[in-house]
Amino acid sequence: MIPISRRAAAVAPFLAMDVMVAAATKARAGEDVVRMEVGQPSAPAPRAVIAAAQRALEGGRVPYTEALGLPALRERIAQDYRERHGVAVPPERVVVTTGSSAGFILAFLSLFDAGARVGVPQPGYPAYHNILSALDLVPVPMRLSAADRYAPTAALLQATHAAHALSGVLVMSPANPSGTVIGEAALAELCAAARALGLPFVSDEIYHGLGYGVPTTTALRFDSDAIVINSFSKYHCMTGWRVGWMVVPDALVRPIERLAQHLYISAPYLSQVGALAAFDATEELDAVRDGYARNRAILLDAFPGIGLGRTHPVDGAFYLYADVANLTNDASAFCRRMLDEAGVAATPGLDFDREAGHHHVRFSFAGSEAECREAVRRLRTWLA
Ligand SMILES: Cc1ncc(COP(=O)(O)O)c(C=O)c1O
């Protein structure tokens with residue numbers, strides 16, 4: 001018999017990916033499915049990115065890079081912090097990773113020893129919980145609610161630490177699944193509270209650049225020792241390129257370099273070359289973001305009239321997290337029926353919240369405007 005480790009057994013499936021497989025199977029069989037289950041841009045990578053990667057590929061050799069990433073890319077990322085946020089980040093503190101997913105592994109492995117408890121938002125991105133568990137660390141849910149706009153506060157962090165003696169905390173803004181952006185004052189307070197408690201502050205900023213009328217502010221403005229995790233997957237439309245970055249305190253650079261050397265050697269060369277060009281594609285990428293803004297308005301406008309009104313303003317990212325308690329107490333069954341009967345794929349809330357997720361559904365509006373309108377049309381008929 002093949003043994004399965006306790007750690008592997010503790011990892012829950014990512015239901016969004018399961019729904020994606022079911023939706024893709026239907027689409028392959030010729031069924032017409034509106035795909036709102038997975039959080040990825042439907043737009044391709046910017047033209048400049050594709051051209052740069054093509055040129056590099058034609059150059060012939062696709063090598064490893066330094067484990068911390070191509071120096072030119074690390075410098076360009078540092079420059080972006082200066083220009084966009086007015087924050088001085090030495091390029092030496094920038095680490096290029098294989099998507100933010102690798103950033104979490106590197107952050108958790110370099111910061112925490114087995115058994116450490118780490119506060120994570122709930123609802124929240126499911127990988128936090130599952131990566132921590134897989135590394136023998138203990139995720140401690142910090143419960144957020146619609147009444148508080150799903151925004152974590154300094155008081156919540158202090159209370160969670162008092163009850164569970166945390167070793168660190170992770171927050172995200174804009175958030176998945178809620179889309180909530182933590183306001184600047186609240187983010188400053190959170191950073192100050194973590195610092196006062198002596199807790200490393202890990203800030204997932206992967207949806208930066210995708211704010212609707214609100215700024216997306218980096219935690220580095222309030223804490224130069226924050227461990228920031230970011231990616232080219234979302235704003236830059238480069239999910240499958242698997243390239244992201246971290247900004248880390250000096251003391252973590254070398255430990256992270258050693259881990260990266262052994263865990264994956266380097267992020268893919270072609271993707272790093274492409275990522276470097278992404279900084280010159282702001283106009284194209286802002287146009288994609290403006291498309292999300294239109295999609296967001298379509299859903300927020302139409303959903304209340306079709307029984308999906310228990311939402312809250314979506315500040316950023318490209319998700320609408322609907323409380324469907326008026327329609328079901330089993331979001332998984334609800335999503336299965338929605339896919340089968342209405343041809344709309346969305347993700348049940350259990351992915352994001354093991355306690356209250358059974359009456360929530362996450363809709364991604366990263367697709368086209370026509371898809372959003374079609375989804376509304378189908379859901380209106382289905383829920384009538
Ligand atoms: C909040 C959040 N963080 C991280 C990720 C992982 O992104 P990647 O590994 O593609 O950078 C996602 C993906 O959906 C996410 O929603």
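Predicted model: local features only at pLDDT ≥ 70, side-chain atom pairs only at ≥ 80, totals over all residues.
**Exercise 1.** Work out where V169 sits, and whether V169 is buried or exposed.

*Solution.* 
- Start with the element: V169 belongs to strand β5, which covers residues 168-172.
- Next, take the relative accessible area, which is 1% for V169. Buried means under 20%, so V169 counts as buried.

**Exercise 2.** Describe the ring pair F104 and Y125, and say which parts of the chain the pair ties together.

*Solution.* 
- You need two values here: a pair of aromatic rings is described by the distance of the centres and the angle of the planes.
- For F104 and Y125 these are 6.5 Å centre to centre and 45° between the planes, and the pair is tilted.
- Then find the elements: F104 is in helix α5 (residues 99-111), while Y125 is in the loop between β3 (117-122) and α6 (126-134), so the pair ties together parts 21 residues apart in sequence.
- Check the accessibility too: F104 is buried at 1%, whereas Y125, at 22%, is partly exposed.
- Finally, zoom out: ring pairs join F104, F108, F112, Y125 and Y128 into a cluster.

**Exercise 3.** Classify the ring pair F318 and Y319.

*Solution.* 
- The ring centres of F318 and Y319 are 5.2 Å apart, with the planes at 70°.
- Planes over 60 degrees apart count as edge-to-face, so that's what this pair is.
- Both F318 and Y319 are buried.

Notes
Residues numbered from 1 in each chain as written. Heavy atoms only, no water. Helix = DSSP H or I, 4+ residues; strand = E, 2+ residues; numbered from the N terminus. Buried < 20%, exposed > 50% of the residue type's maximum accessible area, 1.4 Å probe, protein only. Phe/Tyr/Trp six-rings, centres within 6.5 Å; stacked < 30°, edge-to-face > 60°.
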